[in-house]
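Please look through the model below with its chains side by side.

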Amino acid sequence: MGRPASREPVLRLESRPVTSEEIIGPHGPAYRTTIAGFTAGWLNYHTKAARVGSRSPENPNRPPRSDLMAVLQFFPPSSPIVSARLHPVVLFNICDCYVRRPDQADRVIGTLLGSVSDGVVEIKNSYAVPHNESADQVALDVEYHRNMYMSHLKVNPKEVLVGWFSTGFGVSGGSSLIHDFYVKELKDSVKDLKDAQNSVPPLHLTVDTGFRNGEASIKAYVSVNLSLGDRPLAAQFQEIPLDLRMIEAERVGFDILKTTVVDKLPNDLEGMEASMERLYALIDDIYKYVDDVVEGRAAPDTDIGRFLADTLALVPKISPAAFDKVFNDRIQDNLALVYLSSLIRAQLGIAEKLNTAAQIL
Amino acid sequence: MIYFLIFYKKEDEIMHVTLQKRDKGQTWSSPILGQGALDPYSADLEQKRLMLQRFQEEEYAYASCRSGYSPSRIQVSTSLRLNSLGPALTQGPSWEARAPIEIFYFDLLALANYSEHLAMVRSFLQAVSSEEVTPPLRVVQMEGLAVLKIIKHCNEFSPALVTGQLLGLDVGSVLEVTNCFPFPTREEDEEIEADGANYQLEMMRCLREVNVDNNTVGWYQSTLLGSFQTVELIETFMNYQENIRRCVCIIYDPSRSSQGALALKALKLTDSFMDLYRNNNFTGEKLREKKLSWVDIFEEIPIKVSNSALVSAFMTELEPESPVAQCDYDRLKLSTAPYVERNLEFLIDCMEDLSAEQNKFQYYYRNLSRQQAQQQAWLQKRRVENMARKAAGEEPLPEEDPSNPIFKPIPEPSRLDSYLITNQISNYCNQINGVAGQNFNRLYMMKALQEN
């Protein structure tokens, strides 16, 4: 796999301080820790890109300096995670945990649960894990994590460990330590479950609760190990695309989830009214757009035009008489339903009156 | 803080000072500003205590002016003992004492002593204090997180019915539900049941560790087409009610949420129903006495949803731009037939149950009237017999004979079942009505679209 190490001279590296810097990986920015003092020039990606012969995208133009080469190897994940899907309940939980974090803590971390299929990780559930962090060490409540994990498995055995989350922007120093822990945990849990399908590396989710660059940045990373020869050197966090699964949130309605206080849940008819108003507004917009195009005020767009034509073609062609019949039948059905339910209610009322009358006897 | 000095005396190097606050019934967080404030919980307790005292005094004044009884002396009660009071008081210009002051007994309120009215007053007090402590529950305020968690749990296991526990705070007339956790699906096995209890404790302990509110405020459960009004629900309610003063049940209906409605309901049992249930008294007479009809079993409490500012910011930022959401599609879907069909099926089942219940009552009443007729006949016979014996100069026989089987009272069947079924039926009727109403809307809209 990759470039054989024997062709190039191997640089002997002294132990130097380790720093972290940001590089641009195939999916956007990635974090890795590199060795200071070493020309961060040529890194051999043992990923798909490297295998088909193309160079690492970070510096395609720089030639390999064969006299100063070290083979740094990234071991790709055993079955690569392509993307992740985040369910809103996880986001809500992370925010809640952050709001309720202990006094001195800068960030909260926790475990992510979900399922994996075809390289897509569905993050469905989460719980916070207490931890302590100082400049050079991280202490994680391992017992807590395991208890919670067992408890969650009892409820839903299909939701397994898929990774961990942390609040804050990007990957920070202690992250690789925590990540190592989760890699081990995942290996153990797979052994427990005897489920070979779940043998994917954990992913790392960061949620920027501080809105550091003015936007809500939520990112998912997978870790790639970097090693020099046989020596493991560092882990690179590679960002993967993250899809926010908002369908559930849509079902509930954004109006309820967006504002801080909602006094009353919308009832059926109010919801219906809102939906109809939205539909009405959309139809109005289309009318306006079409009128504008016809009168030459707006530039015609064939894509939109085709889309509109397709949509109109979807409306079934029924003769007015047939439609009237269908329509009236449905109305009759519904009227019958209303009549039936009113009748039953009247019956209930009468039955109650009779019962109380019978009691007086 | 203003108080009036009532009296002080000095004995054995200890100075006793009794002060009275100008405004009674008002809690001070500390006797002297900035020195040893009370925490909110004790302040609350103190407030309640003062309210009681005030009530006692007023009640006492009322009682004494009625009976002509007058207080012989003011008893001094000590409630706060402060060592650090000296400097603050000695700095005052009118304060003459220079002697070393070691301990002050500081009284917040002087209490009147009453002997004979105490018992009467106490019963009043209990009535007042229980009202004071539990204002009626008006609103259930749910966090968005709890709502989403409930929906996730119920939807994932639908159509199986699942339950879970609600965690939160009880604040005055608002019950806040800030978090929740699911229960594993029930097993009949006893061993696993014990396991479930362990699970619950473990979960509560774990959640407390990450600062989640760990007061149980009730439970949630999913339901199928609103068929939740069962005896089990009431039993669970009573169990919870024994342990926590105030609890609610959140009902979520996954089948209705596919119609684009957020089918969340917060329920509690009404107090009068709980009284009856505790005594297991569901005879017609009792129900009539309490004026309890089937509508009064459950009480629905309005739900408020709140979100933290952080969540709100995230959702505003991340909301997709699309002008239509999933719930709009769901709401405007024309095919509601399966839903209505199942509703009707359930309705028919319920009607059958109800008619069976009605038959039971008819049977009971028929038996009752037959028994009464028999009793009358027997009494008539006995009277005639007695008349004859009287004429013959013999002792009359008693007019009651408990050993006779016709005097054995027939047990009246409980009305609980029929009440619950009635509730259920009315629920189905409401749902059918609602769907039909929405269908009218949809159909007329379709017509308008078709014509255009």
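Accessible areas here come from the Shrake-Rupley method with a 1.4 Å probe, and for residues only the protein chains shown count as cover. This is a predicted model, in which local features need pLDDT of at least 70 and side-chain atom pairs count only at pLDDT 80 or more, while totals for chains, interfaces and linings use all residues. Residues are numbered from 1 along each chain as its sequence is written, chains are lettered from A in the order in which they are written, and side-chain values use heavy atoms, with hydrogens and water left out.

For chain B, the accessible surface comes to about 24,400 Å², and 52% of that belongs to carbon and sulfur atoms. Of its 452 residues, 43% count as buried, a word that stands for under 20% relative accessible area, with exposed meaning over 50% and partly exposed in between (1.4 Å probe, protein chains only). Chain B has 13 helices and 14 strands, taken as DSSP runs (H or I, at least four residues, for helices; E, at least two, for strands) and numbered from the N terminus. If contacts (heavy atoms within 4.5 Å) in chain B are limited to residues at least 6 apart in sequence, 73% of them join residues at least 24 apart.

The largest pocket holds about 1,600 Å³ of space. Among its 35 lining residues, those closest to the centre are Ile283(A), Thr311(A), Leu312(A), Val315(A) and Leu449(B). A pocket is an open set of points on a 1 Å grid over the protein atoms alone, where a 1.4 Å probe fits, with protein on both sides within 12 Å along at least five of seven lines; lining residues have an atom within 4 Å of a point. The most residues come from α7(A), which gives eight to this lining. By class, the lining has 25 nonpolar, four polar and six charged residues.

Most residues other than glycine have a negative phi. Asn211(B), however, has a positive phi, near 65°. Asn211(B) sits in the loop between α5 (190–209) and β10 (215–222) of chain B, and is partly exposed at 35% relative accessibility.

Notes. Points joined across faces, edges and corners; volume = space filled by probe spheres on them. Nonpolar A, V, L, I, M, F, W, Y, C, P; charged D, E, K, R; others polar.
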